[in-house]
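This report describes selected features of one protein structure. It should be read with the sequence and the model at hand.

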Amino acid sequence: MTKPPKSKPLLRDTDAPVRSRPRRKRVPEQPALAFDPMPDRVEPTLALLKQRPPADGYAWEIKWDGYRVHVHIEHSRVRVITRGGHDWSHRFPAIVEAAEKLGPATMILDGEAVMFDDQGRSDFNLLQASLGANGKAQGNLISPAVMMAFDLLYFDGHDLRGVEYSSRRHLLENLLTGNESAIRLSEVIDADAVTLLEHACQFGLEGIVGKSWDSAYRSGRTGDWIKCKCVQSEAFVIVGYEPSASLTGAFASLLMAAYSGDKLEYVGSVGTGFKQSQMTNLRATLDKLAWKRKRPPVDYDGTRKVVWVQPTLIAEVEFRAWTSDQKLRHPSYKGLRDRQDNADVYRIGNRS
């Protein structure tokens, strides 16, 4: 009868302590668990406007007044991607530097590039001025803007878009807590949403944003995220201006339009919110866009003297409400939007 082979002892020295095999250090260029390829670009989730916040089920944050960006952190590069899909890394060096320190893990952060005034409020005008978007040809200036991060879409080889927001938020907080510099955590505020909105308005903030705790990350305006504003602020197309009767090289007001289907519709004029330097630069730019056709770019039955322009410039405008004849009530100019920001020009069907 053949004898069975002798089994090898589990340990050479039965009295020696049990130790696991030494673990090799991770090579950043060769990540160990690349389960999901990093998306080259992700269309952002957009917040749906609500007049009053729902009762519960949402995480509430301050609404930041800036440019929506995604920061892609990879092993060999960092990209700051605008909503329109353009790489603005060269325009936000402070954000890039902060992102490089968060590696070597790969990740995609969702947030808002902002600048703050002396009261600690995000200020769209300051951000626009730092980027050179003041009515001159769109510049390539370097902005000291910081990023307020509010979501984590991808982390260390894992696509998190199908994971509920509460878990993504937990990972984001662990990632940024103690590591904040030019990338900062947009804090969730544990307070009654109605009271929070009232306080936000009292402090001159734009409003609040709520994110459903149970929602996955879905691109577009799905209703998973909602926003409540203190003052309405939307993007409109500049279609003309009324020349100033008292100041040479200036204007009395800008004529604005929104989309009704594929057609532009006149929605009123804005004559406040301009600094003198903004007005002069913007007037010079508008004169280069003078409308050459016989009919204006929108239907207009007013009696004012208007210089019509090609509808290429997009302006951010604050306003209180819509009038009975569907025009902007108490509008105020905030600044020009850069087309690379993919500003969402207002559509008539959204107004109420």
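**Second largest pocket**

The lining residues of the second largest pocket comprise nine charged, six nonpolar and five polar residues. This is a predicted model. The pocket has a volume of about 420 Å³, and 20 residues line it. Those nearest its centre are Asp65, Ser122, Gly204, Glu318 and Lys334.

Of the elements, strand 18 gives the most, with three residues.

Gln326, in the loop between strand 16 (321–322) and strand 17 (328–329), has a phi of about 65 degrees. His330 has a phi near 50 degrees and lies in the loop between strand 17 and strand 18.

How exposed is His330? Its relative accessible area is 59%, so His330 counts as exposed, the cut-off being over 50%. Gln326 has a relative accessible area of 30% and is therefore partly exposed.

**Cavities**

The structure holds two cavities of 30 Å³ or more. The largest cavity has a volume of about 60 Å³. Its lining consists of Arg41, Val42, Pro44, Arg68, Val69, His70, His72, Ile81, Thr82 and Arg83. Strand 3 (67–73) and strand 4 (78–82) are the elements that give two or more residues to this lining.

Strand 3 gives the most to the lining of the largest cavity, with four residues. By residue type, the lining of the largest cavity divides into four nonpolar, three polar and three charged residues.

**Helix 1 and its buried side**

Which residues of helix 1 are buried? In helix 1 (residues 93–100), they are Ile95, Val96, Ala98 and Ala99. These residues cover an arc of only 165 degrees around the axis, and therefore lie on the same side of helix 1. In general, an α-helix has 3.6 residues a turn, so residues three or four places apart point the same way.

**Strand 12 and its neighbours**

Strand 12 (residues 251–260) is mostly covered, with seven of its ten residues buried. Strand 12 runs antiparallel to strand 11 (residues 232–243), to which six bridges join it. Within this pairing, Ile238 has Met256 of strand 12 as its bridge partner.

Strand 12 is also joined to strand 13 (residues 263–270), by seven bridges and again in an antiparallel arrangement. Here the bridge partner of Leu254 is Val270 in strand 13. Strand 12 and strand 13 form a hairpin with two residues between the strands. In that hairpin, Gly261 takes a positive phi near 70 degrees.

Conventions
Residues numbered from 1 in each chain as written. Predicted model: local features only at pLDDT ≥ 70, side-chain atom pairs only at ≥ 80, totals over all residues. Heavy atoms only, no water. 1 Å grid on protein atoms, 1.4 Å probe; cavity = no way out; pocket = protein on both sides within 12 Å on 5 of 7 lines; lining within 4 Å. Points joined across faces, edges and corners; volume = space filled by probe spheres on them. Nonpolar A, V, L, I, M, F, W, Y, C, P; charged D, E, K, R; others polar. Buried < 20%, exposed > 50% of the residue type's maximum accessible area, 1.4 Å probe, protein only. Arc of directions from axis to C-beta. Pairing = 2+ DSSP bridges.
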